[in-house]
Amino acid sequence: MAPSPGRDGRTRIHVVSDVHGNARDLARAGDGADALVCLGDLILFLDYADHSRGIFPDLFGVENTHRLVELRTARKFAEARELGARLWAGVDGDRAAVIEGAVRAQYAELFAAFPTPTYATYGNVDMPPLWPEFAREGTTVLDGERAEIGGRVFGFVGGGLRTPMRTPYEIGDEEYAAKIEAVGEVDVLCTHIPPEVPELVYDTVARRFERGSRALLDAIRRTRPRYALFGHVHQPLARRMRIGATECVNVGHFARTGRPWVLEW
């Protein structure tokens with residue numbers, strides 16, 4: 001059920017993205033809000049700022065994590081994959097099963113931290129087939145779908161576009177564009193990745209352009225939502241930008257700051 005306006009007649013929505021294992025702050029992210037919106041990337045595989053955190057360092061140690069981050073930052077993706085293959089060759093058991101077990105442990109903690117109601121979509125590092133197992137009553141999962149929250153229509157599109165990183169939920173441009181088209185005209189357009197604008201897709205710490213969506217940019221220009229909210233790029237050149245009538249906001253700082261972005265009307 002969509003939340004009703006608060007006692008003062010106003011609606012307050014808290015928005016987070018790129019949670020990356022921060023269950024402690026996620027448990028408080030909905031405090032004082034009528035609803036929480038989460039734009040994905042719940043899992044922490046590795047932390048570019050702290051190489052001791054995540055599934056990868058838990059399995060292979062900080063030194064190997066540091067080397068992997070160095071290679072990725074230098075855009076030496078083939079060498080990074082070779083390093084990963086050598087490390088995985090020394091692990092007992094099936095690689096997919098080992099990763100899934102670690103992801104399940106994180107999902108159990110993170111989904112338990114979601115308040116009611118929560119509206120969520122997937123990030124590129126998430127594993128959508130596992131979500132039905134952990135999403136409790138009060139958590140609505142949407143992808144290429146709409147929901148009315150406090151009298152406004154929100155559209156949700158999850159996942160990322162294909163990259164050399166080969167993260168779990170990357171899809172083709174045409175499939176992504178079809179989900180954008182399915183959402184149609186909304187008041188608030190919520191996606192994991194940003195529109196394809198240089199200032200919004202360049203990560204100043206990773207020192208690379210992440211993949212943004214041209215279809216998303218075209219939809220923003222065409223349908224003119226009040227807001228376009230997204231994450232994915234953790235340290236962008238610009239966190240906010242106006243595209244025509246639309247305020248575009250990067251909310252992908254939650255893992256580091258523990259603070260949601262607030263939307264109120």
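These exercises work through a predicted model.

**Exercise 1. Decide whether His14 is buried or exposed, and describe its surroundings.**

Step 1. His14 sits in strand 1, residues 12-16.

Step 2. Apply the cut-off. Buried means under 20% relative accessible area. His14 has 4% relative accessibility, so His14 counts as buried.

Step 3. Look for a polar partner. A polar atom of the His14 side chain lies 2.7 Å from the backbone oxygen of Ala29.

Step 4. List neighbours, leaving out residues up to four places away in sequence. His14 touches, among others, Ala29, Gly30, Asp31, Pro260, Trp261 and Val262.

**Exercise 2. Find which residues have the most contacts inside the largest nonpolar core, then examine Tyr107.**

Step 1. Take the core. The largest one has 56 residues. Val16, Val19, Leu26, Leu42, Val103 and Tyr107 have the most contacts inside it.

Step 2. Go to Tyr107. Beyond four places in sequence, its contacts include Leu42, Ile43, Asp126, Trp131 and Phe134.

Step 3. Check for another core. A second, separate one has 19 residues, including Ala35, Leu39, Ile149 and Trp261.

**Exercise 3. Describe the largest pocket: what is its volume, and which helix gives the most to its lining?**

Step 1. State the volume. It is about 1,200 Å³.

Step 2. Find the centre. Of 48 lining residues, Phe45, Leu46, Tyr48, Arg72 and Val125 are the closest to it.

Step 3. Assign elements. Helix 2 (55-73), helix 3 (77-89), helix 4 (95-113) and helix 9 (254-257) each give two or more residues to the lining. Helix 3 gives the most, with six.

Step 4. The lining divides into 24 nonpolar, ten polar and 14 charged residues.

Notes. Residues numbered from 1 in each chain as written. Predicted model: local features only at pLDDT ≥ 70, side-chain atom pairs only at ≥ 80, totals over all residues. Heavy atoms only, no water. Core = buried A, V, L, I, M, F, W, Y, C linked by side-chain atoms within 4.5 Å. Buried < 20%, exposed > 50% of the residue type's maximum accessible area, 1.4 Å probe, protein only. Contact = heavy atoms within 4.5 Å. 1 Å grid on protein atoms, 1.4 Å probe; cavity = no way out; pocket = protein on both sides within 12 Å on 5 of 7 lines; lining within 4 Å. Points joined across faces, edges and corners; volume = space filled by probe spheres on them. Helix = DSSP H or I, 4+ residues; strand = E, 2+ residues; numbered from the N terminus. Nonpolar A, V, L, I, M, F, W, Y, C, P; charged D, E, K, R; others polar. Polar contact = N/O pair within 3.5 Å; in protein donor to acceptor, adjacent residues only side chain to side chain.
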